[in-house]
Amino acid sequence: MRAVQFREVGSQPEVVEVPDPEPGPGQVLLKVTAAGVCHSDFVVMQSSAELGIGLPLTLGHEGVGTVAALGAGVTGLTAGESVAVYGPWGCGTCPECAQGKENYCRRAAALGIRPPGLGAPGAIAEYLLVDAPRHLVPLGDLDPVRTVPLTDAGLTPYHAIKGALPRLVPGATAVVIGAGGLGHVGIQLLRALTPARVIALDVSPDKLALAKEVGAHEAVMSDGKAVARVREVTGGFGAQAVFDFVGAPPTTAIATAVASTEADVAIVGIGGGTATVGFGAIAYDASVRSPYWGSRSELVEVLDLARAGMLDVHVETYSLDEAPIAYQRLHEGKIDGRAVIIPD
C-alpha cells in the first residue's frame, strides 16, 4: 500500500510503498477514508530521536475509515462500517483508562504504547491497523472528510474548554490564541457551549478573518499591543478563560498577561513555551494547566455536536500524493482550518 512517511531526520515527508498490514488477534484493519495533517507532526519530525520514536514512521494521528478486516476475537464491528479513530491509545486497564481517559494513561510510556502517527504507524496511508476495537467510534452518516479533524482538532479544544466551563458564565470573556486548525474549532465550541464573549488572537489577518467567520466577537492581532487591547475590551479586568493553541514563548506570555483573577489558563499548543506563575507574575488565584487530547467519551460528545450541526470544520483536501505539499503549506502558515488527506 502507499503511505506518507517521515523516513530520516532532516528529510521531508514522502509517499512510499509499504507492506499491507494484516490484523492480528484483537486488532482491526481500516481502509482509510480521510486523515488529518497537524502541526504536532512537525514536533515528531524535529524531535523523533529525543522522543524515542523509531523511523521510518507513517504519519497521521487523525484518522477515519471503514472496517476492512477483523482480527480473531473482535466483535461488535461489521465490514464496511464507518468509524473514527480515538488516537491517544493507552493500556486499557489503569484507573485513567478505566474511565476512558486513555490520554492520561499511567502505563503507556512504560509499555511503549504510542498513538498512531506519533510513534505507531499512522493514518496517512491507504490502510491503518488499529490495536483494539475500543479505539473506534461509529461515524454513522457524518462526512468523513469534515469529521476527521474532530478526532484531535475538535477533541483537544473540547477537553480544554470543558474543564473551564464553570468560569464561562454570562458576562465572562474567553480568549483563544491561535485561530488555525484547533483554534477555529475552539471558537465554535465556546460559542456552542457557553454565553461568553470570545476574543481571538492570531498573527495572520486571514486566520483572524476566519475567526470572525466562525463566531469570534473580537479578532485581535497577536502582537505587542495584544495584551492592552484585550484589557481594553474587557474593561481592564482580563479574561476568565484563556486557551493558547500555539504554546510558543510569545503566546504563553500573552496568555498569562490577559488572565483575570481566578482565571483558567490552558496551554494547549506545543510550541515550546512555558508559563510563569507565582505571586505577582499572574493574576490572583489564576490557574494554569496543560491539557492533552481528550477522553473517549469526550470524542463521542464532540461527534454528537457535529451531528447537531454545531461545528463547521474548514478543510483543504489533498490526495495522498499531494500530502507533502500539504505539509509544506502548513509549515508556511498557508492553510486556513485543517488539511485533510483523502487516500482515494
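## Aromatic pairs

Phenylalanine 279 and tyrosine 284 are both exposed (exposed means over 50% relative accessible area, buried under 20% and partly exposed in between, with a 1.4 Å probe and protein chains only). This is a predicted model, in which local features need pLDDT of at least 70 and side-chain atom pairs pLDDT 80 or more, while totals for chains, interfaces and linings use all residues. Residues are numbered from 1 along each chain as its sequence is written, and side-chain values use heavy atoms, without hydrogens and water.

A pair of aromatic rings is described by the distance of the centres and the angle of the planes. Rings of Phe, Tyr and Trp (its six-membered ring) pair if their centres lie within 6.5 Å; planes under 30 degrees apart count as stacked, over 60 as edge-to-face and the rest as tilted. The model has three aromatic pairs by this rule. In one of them, phenylalanine 279 and tyrosine 284 are tilted, at 6.0 Å centre to centre with 40° between the planes. Tyrosine 292 and tryptophan 293 have ring centres 5.7 Å apart and planes at 75°, so this pair is edge-to-face. Tyrosine 292 is partly exposed because its relative accessibility is 37%, whereas tryptophan 293, at 4%, is buried.

## Arginine 289

Arginine 289 belongs to strand β14, residues 287–289 (a strand is a DSSP run of E with at least two residues, numbered from the N terminus). With a relative accessible area of 24%, arginine 289 is partly exposed.

Beyond residues up to four places away in sequence, arginine 289 touches residues including His159, Ala160, Phe243 and Asp264 (contact means heavy atoms within 4.5 Å). A polar atom of the arginine 289 side chain lies 2.4 Å from the backbone oxygen of alanine 160.

## Nonpolar cores

A nonpolar core is a set of buried Ala, Val, Leu, Ile, Met, Phe, Trp, Tyr and Cys residues joined through side-chain atoms within 4.5 Å. The largest one has 82 residues, and Ile124 and Phe243 have the most contacts inside it. Strand β3 (residues 28–37) gives the largest share of this core, six residues. A second, separate core has 19 residues, among them Ile177 and Leu201.

Setting aside neighbours within four places in sequence, isoleucine 124 contacts residues including Ala3, Val37, Leu59 and Tyr327.

## An open sheet

Three strands, in the order β2-β1-β4, form an open sheet with antiparallel pairing (two strands pair if DSSP finds at least two bridges between them). Its edge strands, β2 (14–17) and β4 (57–58), each pair on one side only. Four bridges join β1 (residues 2–6) to β2 in the antiparallel sense. Arginine 2 has glutamate 17 in β2 as its bridge partner.

Note on methods:
Polar contact = N/O pair within 3.5 Å; in protein donor to acceptor, adjacent residues only side chain to side chain.
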